[in-house]
Amino acid sequence: MSQHNIQRGRLAEKTALITGAASGIGKATAILLAHEGAKVAVADIDKDGAQNTVGEIVSLGGTAVAYALDVTSEQEWQRVIDDLLEKWGRLDILVNNAGISFAKPLVEMSLAEWRKVFAVNLDGVFLGTKHGTNAMRKGGGGSIINVASASGIKAGAGASAYCASKAAVRMFSKVAALECAQNGDNIRVNTVSPGGVMTQMWESMGFWQDMKAQTGSAEANWQAMSQDVPLKRFAKPEEIAAAILYLASDESAYVTAAELVIDGGYTA
Ligand code: NAD
C-alpha cells in the first residue's frame, strides 16, 4: 500500500483500537483498517504478537502502536485508553475482538473454566464498550464493533460456555447501541458474528487435536468441518475484517444495533 492510498482511504483521519490483534481476525482487521488510513492501536494479552502486527503495518506504510492489554482488567483498559487519548487525541473505532474458545461437556466443566470464558468473551466486551464509549463521547462519536459468533446463534453440544457468552455479546451490544442512541452520543454499536474462520483459535481445543491426528492437518480439519456450511468452506480472517471495516467506516452511518452474520450460510 502506498502513502497515497492511506491518505485517501475509507478511514482517513480516524483512530482505531482493536483487541486480540496479535492473531487471526484481529490481526487481519488491524492491517485492513490501517490500509484504509486509520491510525491503529494493536492491543493483545500477547505483547510480542501485538508488536509483530505493528511491525507489519509500519512496513506497509501505516501507523500503529502496540499495547499489552488483558481485556478482563478494568485497570488495564483505563491505562490503555488514557494513553491513547493522550497520544492521538481521540478514539473513533473500537473493535472488541479478543476471545477464547472452550469445549467441554457442561457436567465436566468447573466453575473456574466457565468463568474464564465469560471473563474474556463477555466481561472484556463490557469493559471495552464502557471505556470506549466514554472516550468516544469526548471526541463527538464513533463506532464500536463487538465480535460475537455464529455459535451465539446456533447451539453446539460441548460448547455451552462459548455459545452462551457469544449470545450474551449479541444482546449486550444491542442494549449498548440503544443507550448510545438515547444519549445522542453519535456512537454506533454493532456485532459481527463469524461462522468458522481459519485461525489458530481452534488449536486450543482437545477435539481439534484429536481430529488433526486423524486428518493430518488443520486445513483437512477445516475442510471436514465445513461440510455442513452451505459455501463448503471456512472463512479467511480477511473476509471477517472486510465486514468490520464496513461497520467502522462512515458508509454504515445509519447502522446501529445490527448483527452482521458472516458464516457462509451456516445459520440460515
Ligand atoms: P485467535 O486465537 O487467532 O486470536 C485471538 C486473540 O485474542 C489472540 O491474539 C489472543 O492472544 C487474544 N486474547 C486472548 N485472551 C485475551 C485477553 N484476555 N486479553 C486480550 N487479548 C486476548 O482467534 P480468532 O479466531 O482470530 O478469534 C477472534 C474473535 O473471533 C474471538 O472473539 C472469537 O471468539 C471470534 N470467532 C472466531 C471464530 C473462528 O472460527 N476462528 C468464529 C466465530 C467467532
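This is a predicted model: local features need pLDDT of at least 70, side-chain atom pairs count only at pLDDT 80 or more; totals for chains, interfaces and linings use all residues.

Reader: Why is Lys232 called partly exposed?

Author: Lys232 has 44% relative accessibility, so it falls in the partly exposed class. Lys232 belongs to the loop between helix H8 (218–225) and helix H9 (237–248); helices and strands here are DSSP runs numbered from the N terminus, H or I of at least four residues for helices and E of at least two for strands. Its phi is near 60°, a positive value in a residue other than glycine.

Reader: What makes Glu13 exposed?

Author: Glu13 has a relative accessible area of 73%, so it counts as exposed. You'll find Glu13 in the loop between helix H1 (3–7) and strand S1 (15–19). Glu13 isn't a glycine, yet its phi is positive, at about 80°.

Reader: How do you know that Arg90 and Asp92 form a salt bridge?

Author: The test is a side-chain nitrogen of Lys or Arg within 4 Å of a carboxyl oxygen of Asp or Glu. For Arg90 and Asp92 the N to O distance is 2.7 Å, and that makes a salt bridge. Arg90 is partly exposed because its relative accessibility is 31%, while Asp92, at 7%, is buried. A search of the whole structure gives 13 salt bridges.

Reader: What makes Asp185 and Arg137 a link between parts of the chain?

Author: First, the bridge itself: the closest N and O atoms of Asp185 and Arg137 are 2.9 Å apart. Asp185 sits in the loop between helix H6 (160–183) and strand S6 (187–194), and Arg137 in helix H5 (residues 111–139), so the pair ties together parts 48 residues apart in sequence. Asp185 is buried because its relative accessible area is 10%, and Arg137 has 40%, so it is partly exposed.

Reader: And how do you know that Glu259 and Lys174 form a salt bridge?

Author: Their closest N and O atoms are 3.0 Å apart. This pair also links distant parts of the chain, with Glu259 in strand S7 (residues 259–262) and Lys174 in helix H6, 85 residues apart. Glu259 has 26% relative accessibility and so counts as partly exposed; Lys174, with 28%, is partly exposed as well. Salt bridges with shared partners bring Arg170, Lys174 and Glu259 into one network.

Reader: Why is Ser149 called buried?

Author: Its relative accessible area is 6%, so Ser149 is buried. Ser149 lies in the loop between strand S5 (142–147) and H6. Leaving aside residues up to four places away in sequence, Ser149 touches Tyr162, Lys166, Val192, Ser193 and Pro194, where contact means heavy atoms within 4.5 Å.

Reader: What about Ser101: buried or exposed?

Author: Buried, because Ser101 has a relative accessible area of 10%. Ser101 is in the loop between strand S4 (93–96) and H5. With residues up to four places away in sequence left out, Ser101 touches Tyr162, Met201, Ser204 and Met205.

Reader: What does Glu56 touch?

Author: Not counting residues up to four places away in sequence, Glu56 touches Lys27 and Ile31. Glu56 is in helix H3 (residues 47–59), and its 34% relative accessible area is why it is called partly exposed.

Reader: Zooming out, what makes the protein as compact as a globular protein of its length?

Author: The protein has nine helices and seven strands. Its radius of gyration is 18 Å, close to the 18 Å the globule rule gives for 268 residues, so it is as compact as a globular protein of that length. That radius is taken over C-alpha atoms, and the rule is 2.2 Å times the number of residues to the power 0.38. Buried residues make up 48% of the 268.

Conventions: Residues are numbered from 1 along each chain as its sequence is written. Side-chain values use heavy atoms; hydrogens and water are left out. Buried means under 20% relative accessible area, exposed over 50%, partly exposed in between (1.4 Å probe, protein chains only).
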